[in-house]
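Have the structure open beside you as we go through them together.

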Amino acid sequence: MFNFSQESSNWQGNISVGCCGNFVHSQAPRCLVIHLKRTQWLPGAPHKLHMLVSFNDTLDLKPYMYSHVMRHALAPLPVEGCNLSYSLSAVLEHVGGAHSGHYITYRKTKQSHWVYTSDTSVFPVQRDTVMSSEAYMLFYEMIK
């Protein structure tokens, strides 16, 4: 089971925002998409959360897998020899506020270089730009 939780504050720094969740898998997907909630409803209106969320270039799902036999015990799956490693392949970012904006994508090329894409614009960017973006969705591909 994968558990996470975080306590942080919104862009004004005066409201505590908590998030938590978990998931358990018995079969690893070839593509893993993680959607990060970036909207908070305050009295009467939505507000976009601009906090930085750290994420990694790679993920290993071995600790989060379980065996069908041990389903009720949620015992770790014996995964020796199984490849459950993922590489970050794209990051979707929403630029703007809660009511309007634009989506851009950072995509890793086959040569492992990052590019910014938005409508008709495509240009190279540094890895640091990608990792410091206000990620909305993270796309990971299983490493072959």
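A residue counts as buried when its relative accessible area is under 20%, as exposed when that area is over 50%, and as partly exposed in between. Keep in mind that this is a predicted model.

Q: Why is Tyr-106 called buried?
A: Tyr-106 has a relative accessibility of 6%. Buried means under 20%, so Tyr-106 counts as buried.

Q: What makes Tyr-106 and Tyr-116 an edge-to-face pair?
A: Two numbers decide it. Ring centres must lie within 6.5 Å to pair, and planes over 60 degrees apart count as edge-to-face. The rings of Tyr-106 and Tyr-116 are 5.9 Å apart, centre to centre, with 65° between the planes. The pair links distant parts of the chain, with Tyr-106 in strand β8 and Tyr-116 in strand β9 (residues 114–118), ten residues apart.

Q: Is Tyr-116 buried or exposed, and how do you know?
A: Tyr-116 has 18% relative accessibility, so Tyr-116 counts as buried. The limit to compare with is again 20%.

Q: Which residues do ring pairs link into a cluster?
A: The cluster consists of Tyr-106, Tyr-116 and Phe-123.

Q: How many aromatic pairs does the structure hold, and why is the one between Tyr-103 and Tyr-136 called tilted?
A: There are three aromatic pairs in the structure. In the pair of Tyr-103 and Tyr-136, the ring centres are 5.6 Å apart and the planes meet at 50°, so the pair is tilted. Planes under 30 degrees apart would count as stacked and those over 60 as edge-to-face, with the rest called tilted. Tyr-103 sits in strand β8 (residues 101–108) and Tyr-136 in strand β11 (residues 135–142), so this pair ties together parts that are 33 residues apart in sequence.

Q: Which accessibility labels do Glu-134 and Lys-48 get, and why?
A: Glu-134 has a relative accessible area of 22%, so Glu-134 is partly exposed. Lys-48 has 8%, so Lys-48 counts as buried.

Q: What makes Arg-127 and Asp-57 a salt bridge?
A: Their closest N and O atoms are 2.6 Å apart, and the cut-off is 4 Å. The pair links distant parts of the chain, since Arg-127 is in helix α1 and Asp-57 in the loop between β5 and β6, 70 residues apart. A network of salt bridges links Asp-57, Arg-127 and Asp-128.

Q: Where do Glu-141 and Arg-107 lie, and what joins their side chains?
A: Glu-141 is in strand β11 and Arg-107 in strand β8, 34 residues apart. Their side chains meet in a salt bridge at 3.5 Å, N to O. Both Glu-141 and Arg-107 are also among the residues nearest the centre of the second largest pocket, which is lined by 13 residues.

Q: What makes up the lining of that pocket, by class?
A: The lining of the second largest pocket has three nonpolar, four polar and six charged residues. Strand β7 gives the largest share, three residues.

Q: Why is Asp-60 called partly exposed?
A: Asp-60 has 37% relative accessibility, so Asp-60 counts as partly exposed. Asp-60 is found in strand β6 (residues 58–60).

Notes
Residues numbered from 1 in each chain as written. Predicted model: local features only at pLDDT ≥ 70, side-chain atom pairs only at ≥ 80, totals over all residues. Heavy atoms only, no water. Helix = DSSP H or I, 4+ residues; strand = E, 2+ residues; numbered from the N terminus. Buried < 20%, exposed > 50% of the residue type's maximum accessible area, 1.4 Å probe, protein only. Phe/Tyr/Trp six-rings, centres within 6.5 Å; stacked < 30°, edge-to-face > 60°. 1 Å grid on protein atoms, 1.4 Å probe; cavity = no way out; pocket = protein on both sides within 12 Å on 5 of 7 lines; lining within 4 Å. Nonpolar A, V, L, I, M, F, W, Y, C, P; charged D, E, K, R; others polar.
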